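Here are my notes on the structure, written as numbered points. Please keep the sequence and the model open beside them while reading.

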Amino acid sequence: MNILSQYGKEIFAFAVPIFTFMLNKYFKSNAKLEYGVWHSFSYLINEPIRNDDGDVISPTQTVHMHSYVFKNEGRESASAVEVIFNFRPMYINIWPSRHYELKVDDERRHIMVFDYLAPQESFRCEVMSINRDLPELLSVRCKEGLGKLIGISPQKIFKASTINFLRLQIFLGMVSTVYLILVLLQWLVVKTG
């Protein structure tokens, strides 16, 4: 006897909850906070550091800079977004400009709290220091969960016609996959009927 004809209903009954679980886990609308380092560099400036008497302490100065990008990739708003640095940066810039509350915990961590981040909304945060180390970005979180660190790199921009052609190919592949699943289910029902 064929295993599908004998246990087809049980296999199908087992597969449906797994499929439903996958749909709920990966396609549920929720906030999805992601962040990454946009760019990072150091400038060596050939200007001496002088003390109060005018004596040269160091012949050069160093300017360090990190630029972070934060984005809500989900379909729901991320509320109470917290960006936590190890200590207060010397200079900080948020773009586009938005309101945030500043908090400092007992260990002198620098915490910026944004009210919300709408779906697909993003902002950048640049930190800079002169002749000092930059603070580490310790954590990014919101009320709905932790932010996920992603890698960011420059990417070539393709023509709109190429992108639309690839979208059409992906759509046709999805249609073919759904069609094959329906044919398989029909065959399974006929065999186990």
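1. Strand 7 and strand 8 pair in the antiparallel sense over four bridges, where two strands count as paired if DSSP finds at least two bridges between them, and where strands (E, at least two residues) and helices (H or I, at least four residues) are DSSP runs numbered from the N terminus. One of the residue pairs is L102 with M112, its bridge partner in strand 8. The two strands form a hairpin with five residues between them, and R108 in the turn has a positive phi of about 65 degrees.

2. This is a predicted model, in which local features need pLDDT of at least 70 and side-chain atom pairs count only at pLDDT 80 or more, while totals for chains, interfaces and linings use all residues. Residues are numbered from 1 along each chain as its sequence is written, and side-chain values use heavy atoms, with hydrogens and water left out.

3. Strand 8 (residues 110–117) also pairs with strand 5 (residues 78–85), in the antiparallel sense and over seven bridges. Within this pairing, V81 has F114 as its bridge partner, and I84 stands opposite I111. Strand 8 is mostly covered, since six of its eight residues are buried, a word used for under 20% relative accessible area, with exposed meaning over 50% and partly exposed in between (1.4 Å probe, protein chains only).

4. Another open sheet has five strands in the order 6-9-4-1-12, and its pairing is mixed. Its edges are strand 6 (91–95) and strand 12 (148–149), each with a single partner strand, so one side of each lacks a neighbour in the sheet. Strand 6 pairs with strand 9 (residues 122–130) in the antiparallel sense over five bridges, and I94 has C125 in strand 9 as its bridge partner.
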